[in-house]
Structures are given as structure tokens and as C-alpha cells.
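I opened my notebook for a friendly look around this one. Here is what I looked up.

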Amino acid sequence: ISVAKAGIIATLNARTSVLACANPVGSRYNPSMSVVENIQLPPSLMSRFDLIYLLLDKADERTDRRLARHLISLYGDPNAIGSSTSAPVPIELLREYIAYARATCHPKLTPEAAQKLANAYADMRALGMSRKTVSATPRQLESLIRLSEGSARIRLSEWVEEKDVLEAVRLMQVSMQQASIDPKTGQIDMDVIQTGVSAADRTARTQMAAMIKEILESKDSGATGVRIADLVDTLAVATGSRTITERDVENALRELPGEVRVAHGRA
């Protein structure tokens, strides 16, 4: 974990794994917003997780029946409805197995696995080059290494093999396709997780900020300001877009620090 506070810059070893879950704001996930906007956790915290998955409540008869049987079995005889609450592996055995694997197994990368990791990272980076977006960062490479080691450790293997890397890449790709998608472009953009703002949104804000600056400079020198609602209307006419909101304008105004002052809804 990298720490940069009060002039102190240090890298500390993480001594634990974190498994967390969170509900979206309003208890309903909005697919037109990014994961960061839905959960409203700081990007600096979200980007620390190796994998982020979305568990969405989608109607599916098979899944719904399985869930219904499981919930009903908690209140009656599981065998009466064709359901069983017994786990494939007893919890105690699974807990002891994981503890043993973590304590005794410390796998190392084979040359083939190391080359596979390098190739996988390069391929992930190449996805965003044509679109000028960040589709992977060194943090994703470190995550791939940890996931590959975990895959080997669960097999009690002393070496990380190519199949462990392939499984790590699969897990990472599924996670990125869910959590790192820019809802406006439908493309993978790691800026969504790293900074909370996609590359497309950042470009749009910069362009809108330049237009707002031109609009304000064209006003009479004696004018005291302009209403944000009027800016929305002016920008809508200039761009031909009716989807511009006051929130978009306020975000664009933040790109003009020291040049524009916002007070009581006026710019």
C-alpha cells in the first residue's frame, strides 16, 4: 500500500486480504453511471481492489428457482423441496485447508508463467491504445501476479504455471468488463476506477469548459454573472445536444479554477 501523507512517502506491505461488498446509492444500480458513481466510494479506495464484480438482480427463472429453494429450505425440511443446505466441502475442512495453504505454500513464477504474465499485460494495455484510453495499469499487473500465485497456492503447488496465469487473466477480464466499463462509450477505461472520471468524460469537460469561457468572455464587461441554467440553454443550442445538465456545467466549471467563481448557482 502506497502512502503519501504530510510529506511522508512510503510503501507498506499489506498483511491481509479484504473481501468487501457494497450496495449502490438508492439500493438500485444505475447502468448509465459508473461503478464509482453508483457506490460513491473514493476512487483511491476502489482502485485498491484486485477484482470488482457486479452482482445484479436480473430476472432468470433457473436462478430465481434455486434462490427460492435455498431460502425456503432455511425455514423447513430441505429434502421436502428438493434442496440441500450442505456445502460441497465442509466449512471447517475448507477453513483448515486455506490456512494450511497460506502457511506452507509460497509458489514462485516459472519462466513460462512470467512470460505469459508479461504478454497478458501487454495485450491488456493494447486494448486502449487505439482509443487513447487506459485499459490497464501496473496495478493490474501486480493483481495478476497475486491472483496467479493464489491459483497455484490453492493447488499446493510450489510453482506458478501457465494455467494459473490463464485463470488470473480470465478473472481479471471478467472483472474489467463489468466494473471498468465507461457507460457512455461501452469501452474499458481504467480511469473510471482509478480517478472516477473516464477519459471520454474528461475530454468532454475540457471542451465544455472552453466553450463556457468563450461565452463568459463574450458577455458585457458590466455583467455581474450568468445563471447556470442559462449556460445550459446556451450550450444546448451551440452543441445541438439536449442532454446537457446543470451537473455537467458545474463539473466543467471546475476545470476553470481561478478564472470562474460559482456563487449561489451563478457563474
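How far does helix H7 reach from its first C-alpha to its last? This is a predicted model, so I noted that local features need pLDDT of at least 70, side-chain atom pairs count only at pLDDT 80 or more, and totals for chains, interfaces and linings use all residues. Residues are numbered from 1 along each chain as its sequence is written, and side-chain values use heavy atoms, leaving out hydrogens and water.

**Helix H7.** I found that H7 (residues 162-179) has 18 residues and reaches 26 Å, close to the 26 Å expected at 1.5 Å a residue. The expected span is 1.5 Å times one less than the number of residues. Helices are DSSP runs of H or I with at least four residues, strands are E runs of at least two, and both are numbered from the N terminus.

I then listed the buried residues of H7, among them Asp-164, Val-165, Ala-168 and Met-172. Buried means under 20% relative accessible area, exposed over 50%, and partly exposed in between (1.4 Å probe, protein chains only). Seen down the axis of H7, its buried residues fall within an arc of 130°, so they line one face of the helix. The arc is taken from the directions from the helix axis to the C-beta atoms. These buried residues pack against helix H1 (35-39), H5, helix H6 (138-154), strand E4 (159-160) and helix H8 (191-194).

**Thr-110.** I located Thr-110 in the loop between strand E3 (108-109) and helix H5 (111-129). Thr-110 counts as buried because its relative accessibility is 15%. Thr-110 touches Trp-159, Val-160 and Glu-161 (heavy atoms within 4.5 Å), not counting residues up to four places away in sequence.

**Leu-94.** I placed Leu-94 in helix H4, and Leu-94 counts as partly exposed because its relative accessibility is 38%.
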